[in-house]
Amino acid sequence: MFDSPEFARLTNLTAAFGPAQPPFDARFQADITDYGQYLRDLDLIAQRHSQQAMEASLDHTRANIEALTQAATAMATPTLGQHWLAYWTDLGQRAVLYADALRQSANHFVAHEEGSLETVLSWDHVTVVDGSTLRRPVNYNLLRIVPPAGVTVREDGRPYIIIDPRAGHGSGIGGFKDESQVGAAIHQGHPTYFVTFTRLPIPGQTIADVTAAEAHFVREVRRLHPDSPKPVIIGNCQGGWAAMLLAATNADITGPVVANGAPLSYWAGQKGKNPMRYLGGLVGGATSVHMLADLGHGLFDGSNLVFNFERLNPGETWWGKWYHLWDNVDNETERFVGFDRWWGSFYYMTPDEIAWIVENLFVGNRLSRGSANLDAGHHLDLRRIQSPIIVFASHGDNITPPAQALGWIKDYYSNVEEIRARGQRILYTLHEKVGHLGIFVSSSVARKEHQQIVSTLKAIEALAPGLYEMVITDEQGEGIYKEFQVAFAERSIEQMMAQAGSDDDDTPFATVARFSELGTEAYDLSLRPMVQAMSNAVSAQVLVQANPMRLKRWLESDRNPLMREIGPMAEQVRKQRQAAAPDNPFRQFERYSASLMHQWWDGVRDLQNAMIEWNFHTLWAAPPVQALGRHMSRTVSAAPQDDLRTLTEVQDALDRMELGGFPAGVVRMLIFLAQSRKEVRRSRLERSERMLTITEPFASMPPKQRTRMIHGESLIVGFEPEEALATLPVLIQSAEERRQALAMCLEIAGPVEEMSVETVAMFNRLALVLEQPPLDPARLSAPVAAALPPPVQQG
C-alpha cells in the first residue's frame with residue numbers, strides 16, 4: 001500500500017502544505033524502536049530490583065540460620081531456668097532504660113520547639129556575625145570554633161568555613177564529634193569557622209539572600225586573616241550546593257570548595273537504584289511544596305523533608321534503630337540521644353526558599369543543566385568557579401549517590417580538555433560503603449578521608465588543571481599512627497561516570513520538570529488564592545503539631561504526665577542493674593526474632609523501591625509523554641562546542657609560548673613529567689608547592705600569578721606539546737639555569753629509584769632538549785633501566 005502511486009501523490013500533496021517530514025514508514029519504525037526500548041527498560045528495572053531483593057533476602061537468611069543455630073545450641077543447658085529469670089529481670093530493666101532514652105530525646109525536642117538555640121555542635125565557639133543584622137537579613141550566623149586546650153591555631157593559616165545542610169534538620173552535624181570535619185581542620189592548626197542557622201527564617205528570606213550573607217561571612221573571615229590564603233569552603237549535603245553557589249557567584253573571594261555528599265545533579269543515577277530521585281515525579285513535582293508552604297501560613301515545615309529521608313529505609317526507620325537502642329541500652333543511650341537531638345530538630349524555610357530548591361535542584365535540575373538563576377540579576381554557571389573543587393561521594397549513600405554528586409561535571413564539560421582549557425581543577429574521591437550521614441559524622445571517615453582532604457588542600461593549587469581521582473590507600477601503622485598514601489590519578493569524564501554508575505536517561509525527569517512547571521502555574525492561578533485565604537497561624541500550628549514525627553516526641557517527653565516518673569525509675573534501675581549475659585539463650589532468641597523482623601522490613605523496602613521506580617518509568621518514560629519535556633533535557637556540554645583553541649585563555653597562552661623565562665620553563669617541565677606518570681602523588685605535589693612558595697623566583701610571585709602561570713603552561717603543553725618542548729631552550733637559556741631546572745624537577749619527581757619508565761624517559765628527553773646529560777642508568781631500578789629505549793645522541 002505504501003508503494004502505491006496514490007500514496008506517493010498524497011505524500012507530495014501533504015509536503016506542499018507543510019514542512020518536510022520523514023517518510024511514514026521511517027517514523028513508524030522509530031516509534032516501534034522507542035517502544036521497544038521503553039519495554040526493555042521496564043524489564044531491566046524489574047530484573048535489577050528482583051536480583052537485589054533476592055541477594056538481600058539470602059544474606060538475611062544465612063545470618064538468621066546461623067543465629068538460630070547458636071540460640072538452639074545455647075538452650076541445651078542445665079541452667080535454663082536461671083537464664084529465664086535473668087532474661088526477664090533484664091527485660092524489665094531495659095524497658096525502663098529504653099523509655100528513659102526516648103524521654104531524654106523528646107525533652108530536647110520540646111526545648112527546641114519552644115525556642116532553644118542550642119545546636120549539636122560540640123565545640124566551644126563564639127559568634128562572629130549575626131546574619132539577622134545584615135542589610136539583607138537572614139537566619140544564618142557565622143561562628144568561630146575556639147580551639148581546645150593544647151591546640152594552637154595559626155592566624156595566618158588557611159581558614160576553613162563549614163556550611164552544614166539545611167534539609168529539615170538543624171546545624172552542627174559537621175562538628176558533632178571531636179573526630180569530625182571541625183576536628184580535622186583545627187587539629188592541623190587552621191582557623192575554623194562554622195555557618196549555623198536558627199529554627200525560623202526571616203520573613204521573605206530567599207536563597208539569594210542566604211548566598212549574599214555567606215559571601216559577607218567569607219569577606220569577614222578574610223578581613224580577620226589578611227595574611228592567609230583564601231578560605232576553604234566545605235559544604236555538607238545541601239550545604240554542598242550552597243558552597244558551589246557561593247563560589248560561582250563570588251569567585252574572587254573563595255578558596256577551594258569541598259562538596260561532601262552534595263546532590264548537584266538530581267537526575268543522574270542507575271536504573272534499579274537511587275529511588276529518592278523518582279519521588280518528585282510521583283508527588284506532583286513542585287506543586288506539592290507550594291501547597292504545603294501555603295498550608296503552613298508562609299512557612300514550609302522541614303519535617304516533610306526528614307520524612308522523605310526516613311521512608312527510604314523503613315527497616316532502619318521503623319525497626320532497626322529502635323531495636324539497636326533496646327539491645328544496647330546500657331551503652332547506646334548517650335549516642336542515640338545526641339544524634340536524635342539533631343535528627344529530631346525540625347527547621348523551617350520560607351516559600352521562596354523551598355520553591356527555589358525544588359524547581360532548580362530537586363525536580364528541575366536547572367543548576368546542573370546550566371539554566372538556573374539565583375535571582376533576576378545572577379545566572380548560575382558552575383564553570384565560573386575559579387578555585388579547585390573536591391567532591392566526596394560514596395557508593396553506600398542512598399540519598400546522594402556518586403552519580404548525583406559528580407553528574408554536573410558531565411553536564412557542564414564535554415571532555416577533560418575543556419576542564420583544562422578553562423583552568424579548573426576538579427578532584428573526586430569515592431568511598432565504597434559509608435552511608436550518607438557517615439560522610440559527615442563517621443569517626444573512621446574523619447580520620448581517613450577528611451584528614452587527607454585537609455592535608456591535600458595545603459598543596460592543591462600546585463596541581464595542573466584537569467580531572468583527578470583522589471585515591472587514598474592504607475600504608476602502614478595502626479590507629480592514630482596509621483599513615484595513608486594519597487595520589488591524584490588523571491581520569492576522563494567517561495571513566496569518572498563509569499565509576500559513579502550512571503546509565504539512566506534524563507528525558508523522563510525533564511518531562512516531570514515540565515509537568516511540574518505547568519502544574520505549579522495551574523495551582524498558582526486556581527487553588528493557591530483559596531488555600532492561602534483558608535490558612536492562618538492557628539491552622540498552620542494544628543497541622544504542624546499533628547505531624548506524627550512531632551506528636552510522637554511530645555507524647556514521649558515530660559509534658560506527658562505518664563513519662564515524668566520514668567527518670568527517677570531509670571536512676572534506680574541503673575543502681576541495681578542486672579544485665580543478662582550476652583550468651584543468654586533467650587537474649588539470643590530475641591536477637592534472632594529481631595533479625596527476622598528486620599528482614600521483613602527490608603523486603604518491604606525492596607518492594608517499595610521497585611514500585612516507585614516502576615511506576616515512575618511507566619508513567620514518565622512512555623514515548624508520547626516524553627515529548628512534553630524532551631527540550632528540557634539539554635545540557636551545556638551537549639550544545640555545539642566551539643573549538644577550544646578559540647578560547648581567550650588558550651590563545652593568550654599559545655601567544656606567550658616563548659615568554660616567561662626560567663619560572664615558566666620549570667613549570668612546563670614539571671607538567672610534562674606529571675603527564676608522563678598519569679598520576680601525581682601528594683608527596684610530590686607538596687614538594688612542588690614548597691618549591692613554588694619558598695624558592696625564588698617563585699616565592700616572590702603573587703599567588704594569582706603562580707596560578708595563572710601553571711594554567712598557561714598546562715595549556716601550552718596540552719595544545720602544542722612538541723612546540724612546547726622545542727621552545728624550552730628559549731625559556732631557559734644558560735647552562736647553569738638548565739642544570740638548576742633539571743635539579744629542581746628531579747627533587748620534586750622523587751627518588752630516582754622509584755621513577756617509572758615513562759617518567760625517566762620524559763626526564764631524559766627534557767635533558768636532551770636542554771643539552772644536558774640524562775639520568776645515570778646506574779641509579780635506576782633494574783626493570784626501568786632494561787625497559788628504557790636506547791639513548792639518543794646529541795648533535
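In which loop is Glu114 found? This predicted model is shown below in close-up views.

**View 1. Glu114 in its loop.** Glu114 belongs to the loop that links helix H3 (80-113) and strand S1 (125-130). Its relative accessible area is 48%. Glu114 therefore counts as partly exposed, since that class lies between the 20% and 50% cut-offs. Leaving aside residues up to four places away in sequence, Glu114 touches Trp554 and Arg559.

**View 2. A nonpolar patch on the surface.** Seen here are Met291, Leu292, Leu295, Leu527, Met530, Met534 and Leu543, which form the patch. Together they have about 620 Å² of accessible area. H7 supplies the largest share, three residues.

**View 3. Leu527 within the patch.** Leu527 is one of the residues of the nonpolar patch. Leu527 sits in the loop between helix H18 (507-525) and H19. The relative accessible area of Leu527 is 39%, so this residue is partly exposed.

**View 4. H7 packed with H18.** The two helices pack at an angle of about 30°. Their axes are 8 Å apart. From H7, the contact uses Thr287, His290, Met291 and Asp294. From H18, Ser516, Gly519, Thr520, Tyr523 and Asp524 take part. By type, the residues of this contact are two nonpolar, five polar and two charged.

Key. Residues numbered from 1 in each chain as written. Predicted model: local features only at pLDDT ≥ 70, side-chain atom pairs only at ≥ 80, totals over all residues. Heavy atoms only, no water. Patch = residues over 30% accessible without salt bridge, like charges linked within 9 Å, V, L, I, M, F, W, Y side chains within 5 Å. Areas by Shrake-Rupley, 256 points an atom, 1.4 Å probe, with all protein chains shown as cover. Salt bridge = Lys/Arg side-chain N within 4 Å of Asp/Glu carboxyl O. Helix = DSSP H or I, 4+ residues; strand = E, 2+ residues; numbered from the N terminus. Buried < 20%, exposed > 50% of the residue type's maximum accessible area, 1.4 Å probe, protein only. Axes fitted to C-alpha atoms, helices over the stretch in contact; angles between N-to-C directions. Contact = heavy atoms within 4.5 Å. Nonpolar A, V, L, I, M, F, W, Y, C, P; charged D, E, K, R; others polar.
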